[in-house]
Amino acid sequence: MRTTGLTVLLVLLVLLTAEVDGTSAAESECPFAGQRPPLGEILRLPSEKRPPLCRADLSGANLSGANLSGADLSGADLSGAVLWGANLTGANLRTANLSGANLIGSNLSLTVFEPQVHSLGSVIGIEFATHMELLRYENSQEGLVALRERFAKAGFRAQERRVTFAKLRSQQLIEWKYGSLRQRIEAGFSYLAFDLPCRYGLDYGRPLRTLGALIPAFAVVYAFALRSRGRGAIWRVWQPDRIHKDDGQAEPERLRWEPLEWPGRPPSRAFRFCRAVGLGLLFSLVSAFQIGWREFNVGNWITRLQPREYTLRATGWVRVVSGVQSLFSVYLLALWVLTYFGRPFE
């Protein structure tokens, strides 16, 4: 009986010691838990020497323009706090209460945005916070999803795009760093197919700008293809039902850098260069918009703008390059249409 009693006492002592140690550890991690911290003294300290403000009582605090970069505000009560123009770069808002908080002009760059979801409905002026596209999450994306839905219902399309980008970019980085091989492959594909071309719809004009830049880039390739002596070439094919039969020839005509026949004085080197670039640009335009649907074929429309009745076709490696350009162009056009008029990433 004595042995049993001693055993019970030892177990109780161990449990009490563990509880005291746990309480002291929690207090050391969050020294102002449930208390009102001396904000004036804390904010005067350098960022690296400030104590954490996790679980602190900051309700109604005036933090306008405060530098809270890197601050640990996890679990803090920020209800009614004024954060007008505050710098929250890299701050941690996990499980923070933002009910009625004023975030007009606050800097949310790299902020861990996982607050209490129910508190987001009453946040004031978060539509006018800056760098929302750089928000991130580590464990839960519910906060970003709720914020995006709030912007969508209120009609803040630009802010909605920023939060969508922040959510998908965070998901991409998490899967790339900590995911399985399949998730890493998906993250890499997501970056190449959606992040790089349009930033998940945030930069919806980038696909058109990329398409516009690719046309002259491919034109240079096609211009130098006119110097090729192999199977890779650009051909001028005259339409058999053309009206002016004396214009052109029956067989396809291979286009070259140096024109085979030229009436009168031979053209200058500058003229020949401009001619080659012009042909390359024309073929690049036709290739970029070659793929269409029924009558909706921009490549045919461009061909009809020419005063002479012929089409341009390619063989060899030039044909392969032209096909690749067509696929890229169709993808970029489709991506622009979807991101500009729709919400493909929600």
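In strand β2, Glu253 is the bridge partner of Arg236; strands, like helices, are DSSP runs numbered from the N terminus (E over at least two residues for strands, H or I over at least four for helices). Two bridges connect β1 with β2, and these strands run antiparallel. Strands are taken as paired if DSSP finds at least two bridges between them. The model is a predicted one, in which local features need pLDDT of at least 70 and side-chain atom pairs count only at pLDDT 80 or more, whereas totals for chains, interfaces and linings use all residues. Residues are numbered from 1 along each chain as its sequence is written, and side-chain values use heavy atoms, with hydrogens and water left out.

The strands form an open sheet of three, in the order β2-β1-β3, with antiparallel pairing. Its edge strands, β2 (253-254) and β3 (310-315), each pair on one side only. Strand β1 (residues 233-238) is joined to β3 by six bridges, again in antiparallel fashion. Within this pairing, Val237 stands opposite Thr311, and Trp238 has Tyr310 as its bridge partner.

Helix α7 (residues 269-288) lies across β1 and β3 and runs at about 85° to β3. Helix α9 (residues 317-341) packs on the sheet and touches β1 and β3, its direction making about 105° with that of β3. Contact denotes heavy atoms within 4.5 Å; axes are lines fitted to C-alpha atoms, for helices over the stretch in contact, and angles between N-to-C directions run from 0 to 180 degrees.

Phe341 lies in helix α9 and counts as exposed because its relative accessibility is 61%. Together with Tyr204, Val337 and Tyr340, Phe341 forms a nonpolar surface patch with about 400 Å² of accessible area.

Over the whole protein chain, the secondary structure comprises nine helices and three strands, arranged from the N terminus as α-α-α-α-α-α-β-β-α-α-β-α. Of its 346 residues, 38% count as buried. Among contacts between residues at least 6 apart in sequence, 44% join residues at least 24 apart. The accessible surface of the chain comes to about 20,000 Å², with 61% belonging to carbon and sulfur atoms; areas come from the Shrake-Rupley method with a 1.4 Å probe, and for residues only the protein chains shown count as cover. Patches are made of residues with over 30% relative accessible area and no salt bridge, with like charges joined within 9 Å and nonpolar side chains (Val, Leu, Ile, Met, Phe, Trp, Tyr) within 5 Å; a salt bridge is a side-chain nitrogen of Lys or Arg within 4 Å of a carboxyl oxygen of Asp or Glu.

Technical notes
Buried means under 20% relative accessible area, exposed over 50%, partly exposed in between (1.4 Å probe, protein chains only).
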